[in-house]
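This report considers strand pairing and aromatic contacts in a protein structure.

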Amino acid sequence: MLIITLYMRMFPAMRVKIVGLDPHQQYYIAMDIVPVDNKRYRYVYHSSKWMVAGNADSPVPPRVYIHPDSLASGDTWMRQVVSFDKLKLTNNELEDQGHIILHSMHKYQPRVHVIRKDFSSELSPTKPVPTGEGVKTFSFPETVFTTVTAYQNQQITRLKIDRNPFAKGFRDSGRNRTGLEAIMETYAFWRPPVRTLTFEDFTNMQKQQGILFLKQRDHMISYTTQDA
């Protein structure tokens with residue numbers, strides 16, 4: 001995942017589908033991005049692998065991206081695909097615009113939070129996500145990423161330039177497409193897969209469990225996650 005001092009939109013963006021909410025309750029949807037471990041990494045070119053390079057840098061200030069459609073009813077959230085395509089990343093620790101701050105060469109895990117209105121009093125872009133029975137947190141292992149200030153692989157550079165709608169200035173429409181680019185031409189309308197989050201009705205929150213469904217192609221995998 002590319003980050004710069006100013007800011008960049010997260011690409012690919014996460015998109016989720018939420019079901020099982022109380023249609024009449026009001027909810028916030030938010031995202032934060034947390035470190036996977038306490039390590040710093042480097043890319044080894046001759047073996048094309050990421051290797052541990054030492055301990056992680058000091059923690060950055062907590063930041064939370066509150067979806068701009070918040071506050072909305074459960075019915076509203078369930079009728080749409082929730083996209084985080086406007087979330088912005090930076091590696092500037094002095095940034096004061098509310099963008100999510102990350103260190104370069106570290107591994108991170110995005111997390112999606114569904115927060116019922118009556119548990120949102122502590123919700124803030126500059127504070128950790130509140131906890132409690134009215135808050136559900138979901139994460140997907142396949143969305144873990146490593147941050148860089150420059151791509152370590154030329155094929156990834158070309159692929160992201162071709163597929164990122166915010167990188168039009170880098171495109172050269174006249175060049176020939178070969179290799180990975182030719183393969184990706186068959187996916188001209190590719191978009192990140194939609195994840196479906198399903199959990200118990202919030203009126204029965206004392207059970208403190210959420211059922212999460214990952215819909216992948218023609219089958220569905222379900223498992224139970226604990227509260228944040």
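## A buried tyrosine and its partner

In this predicted model, Y43 has a relative accessible area of 16% and is therefore buried, the limit being under 20%. Y45, by contrast, reaches 55% relative accessibility and counts as exposed, since the exposed class begins over 50%.

The structure contains four aromatic pairs. One of them joins these two tyrosines: the ring centres of Y43 and Y45 lie 5.3 Å apart and the planes meet at 85°. The pair is edge-to-face because its angle is over 60 degrees. Ring pairs also bring in W50, so that Y43, Y45 and W50 are linked into a cluster.

## The pair Y108 and F145

Y108 and F145 form a further aromatic pair, with ring centres 6.2 Å apart and planes at 35°. This angle falls between the limits of 30 and 60 degrees, so the pair is classed as tilted.

## Strands β11 and β12

Strand β11, which spans residues 107–116, runs antiparallel to β12 and is joined to β12 by five bridges. Within this pairing, R111 is the residue opposite S139 of β12.

Strand β12 covers residues 135–139 and is mostly covered, with four of its five residues buried.

Key:
Residues are numbered from 1 along each chain as its sequence is written. This is a predicted model: local features need pLDDT of at least 70, side-chain atom pairs count only at pLDDT 80 or more; totals for chains, interfaces and linings use all residues. Side-chain values use heavy atoms; hydrogens and water are left out. Buried means under 20% relative accessible area, exposed over 50%, partly exposed in between (1.4 Å probe, protein chains only). Helices (H or I, at least four residues) and strands (E, at least two) are DSSP runs, numbered from the N terminus. Two strands pair if DSSP finds at least two bridges between them. Rings of Phe, Tyr and Trp (its six-membered ring) pair if their centres lie within 6.5 Å; planes under 30 degrees apart count as stacked, over 60 as edge-to-face and the rest as tilted.
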